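The structure is shown first.

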Amino acid sequence: MGWFDLATGWISNRVRHGTLSGSGRNTPQCVNTLLGIVVAGTCLALYLRTIAPGALGGDAGELQFVPSILGLTHPTGYPLQTLLGKLLLTTMPIGSVAYRMNLFSVLVSAAAVGLIYLTIQLSTGSKLAAFFAALLLGVSEIFWSQAIIADKYALNVFLLSLVLFTLVRWSRVPSNRNLSLCALCYGISLTHHRSMLVFLPLLLGYWVWRDPYLLSDWRYSGRIALLVALPLSLYLWLPIGANRGLPPGTWRPTSLQGWMAYLLDRGYLSVIQPYIGFGEKIADYGKSLLAQFTHYGVILGLAGIIQQVRTHNPLCVFLALGFIFQSTLAAGYQVPRHWVFSLPSFVIFTLWIGEGIAWVLLASETLVTQWRAIGYGIASIALASLVLFVAIPLWRNYPTFREMHLDGGPLDIWRQDLKNGYLAQRFVANSLPFVEPDSIIVADWEQATPLWYFQQVEGWRPDVTVVYPIERWPKALATGHPTYLARTLPGVGETHRLTCTGPLVKVTTTPDLQIPADINLLGVNLEGEIELVGFRFYQTDFSTGYVWPLTLYFRALRSLKADYSISLRIFDESGTQLWAEDRRDPVLGMYPTTRWAPGEVVADYYEVPFPRRIPAGRYRLGVIVYTAMDGGGWHNLNVVGSEVSVVYLPPIDVPAR
């Protein structure tokens, strides 16, 4: 018997029992629960294989250390994630604190997928539709990206999924108990992300429409209102956290007006401008929707909307308005990474995809009943399409996220995205231990939070002050303390002396003439212009990704009349060049050599990636110092007394991946 006969036989059996669409009423509840566990468990396994390994930058970095020290986060406070995170850290001693907070997102994301499955199954009666739709959301790019880092969006999706599940359950079984549970879950969701406020008028309208007693029985409606309001008492934690005086410490409201501005995040409200370029933004949102669910998924979602309208599903209006409000809100954000704000609308659209799949499966059952041979073929195609429907984004996204957090790539000079792999960990490990005592590091938010994490959680260098935002560097320098920048900042090198301390840039007013005592010396004279004094390797293996961080130390041998550039290259044992990075000016592109004083020692930090295409073996890094010629072309500085322009560093053994 071939696979097609097996498949059609299985379909025939499902048809006879009315379960091709998973809608058989005689199936035990344990089967439904088991499928929910399977879909959640599948996503859990995928997320654990691709989880961010440690410290991160930005909001994710903040939400790694604030729960540990019980401080105050940026507006609007996120008291639920802070307190739940502390509970997880206390009860689950697995790995570092940073890893555990990433694990927190993994757990709530997998649970959200399970809840979406239960919601669709409850709404459509189709287990297969619920299984494939929930799994599609779980392996979609944006959802997956937030499921494996300690940001706030994973918990927000879980809470929205919980509210939707309880709402659908109450719609199916309109008991006081189910409405009370829905109200309580919604109240809990308000203690996390303010985007849930969008659903308040919709929920109130839906509750009143479906249960008119809420308008006539004030004790009943008062109890529901109390259940919504009761969880808001978690916000009482915020003044306690603020009074602890711990990082980030940028927000310390002291008045009622200040707390209202903090809770409403009025400063951030100004970046929500859906009316600017509305058409273009909606088009971008549509492209994002297609990228997450494919054309097939969007068609199924639209079919699900039609099915809800056709069957007069009372949830249709609520979901449609919620989707419109959330997608408009997401499209209106004038900030980087604005796509993460689309996640609530994607959750709603997933419910429609489930409706569409259930409709397709039901139609397939009808075709099999009426035209057996043709129906079998169509049903087989439908089931195979659903498998591909999930397999294609899984095949595309798994390697991406796996490599992202195994390697993560090198630091760039801007350091505006430290949420991949070991980027944040290397940034701090190669800088914080090497700065002078009582230093000030001035940083953007993306770089400040991992620095605070290692200070507050790991106990590194409590003598160092981290100042945010980076525009405050002149005031920091004026204090007389050694001052460092966490990223490139154009223009600083025109008025100040610069040198790298690991990934950081030290800002001074006098040139540094001392060669560090703990570096590997080379002493290579390049045409009497520049000396490659030495280098520093920061690691002996590739345990923090297939990236090799190093600092090169140069010295001006005289007053330089040309701006020299640096080229760093990878060569294999045969001398073949495999990779190169050219930096027009040293010190993260900020300090032209014509600004160097005679005898000044300047350090320049690099991170060399070993791409996946480079096999295991022995490699060498080569350094070339060159300048652009007026008539075109380049002139490489040769080692004095030779025609050699490449200065080789010691060999590096790259292990197999």
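## Fold and aromatic pairs

In this predicted model, 73% of the contacts between residues at least 6 apart in sequence join residues at least 24 apart. The chain has 657 residues, of which 55% count as buried, and its secondary structure comprises 23 helices and 15 strands. Its C-alpha atoms fill a box of roughly 90 × 70 × 50 Å along the principal axes. The chain carries 47 positive and 42 negative charges, whose mean positions are 12 Å apart.

The count of aromatic pairs comes to 35. Two of them are set out below.

| Pair | Distance between ring centres | Angle between planes |
|---|---|---|
| Tyr296 and Phe389 | 5.1 Å | 75° |
| Phe542 and Phe610 | 5.6 Å | 85° |

Planes over 60 degrees apart count as edge-to-face. Tyr296 lies in helix α16 (residues 278–310) and Phe389 in helix α19 (residues 372–406), so this pair ties together parts that are 93 residues apart in sequence. Tyr296 is partly exposed, at 33% relative accessible area, whereas Phe389 is buried, at 4%.

Phe542 belongs to the loop between β7 (530–537) and β8 (547–556), and Phe610 to the loop between β11 (601–609) and β12 (617–628); the pair therefore ties together parts 68 residues apart in sequence. Both Phe542 and Phe610 are buried.

The charged end of Arg657 sits over the ring of Tyr546, 3.9 Å from its centre, and Arg583 lies over the face of Tyr606, at 4.0 Å from the ring centre.

Key: Residues are numbered from 1 along each chain as its sequence is written. This is a predicted model: local features need pLDDT of at least 70, side-chain atom pairs count only at pLDDT 80 or more; totals for chains, interfaces and linings use all residues. Side-chain values use heavy atoms; hydrogens and water are left out. Helices (H or I, at least four residues) and strands (E, at least two) are DSSP runs, numbered from the N terminus. Buried means under 20% relative accessible area, exposed over 50%, partly exposed in between (1.4 Å probe, protein chains only). Contact means heavy atoms within 4.5 Å. Lys and Arg count as positive and Asp and Glu as negative; His and the chain ends are not counted. The place of a charge is taken as NZ of Lys, CZ of Arg, CG of Asp or CD of Glu. Rings of Phe, Tyr and Trp (its six-membered ring) pair if their centres lie within 6.5 Å; planes under 30 degrees apart count as stacked, over 60 as edge-to-face and the rest as tilted. A charge sits over a ring if NZ of Lys or CZ of Arg is within 6 Å of the ring centre and within 35 degrees of the ring normal.
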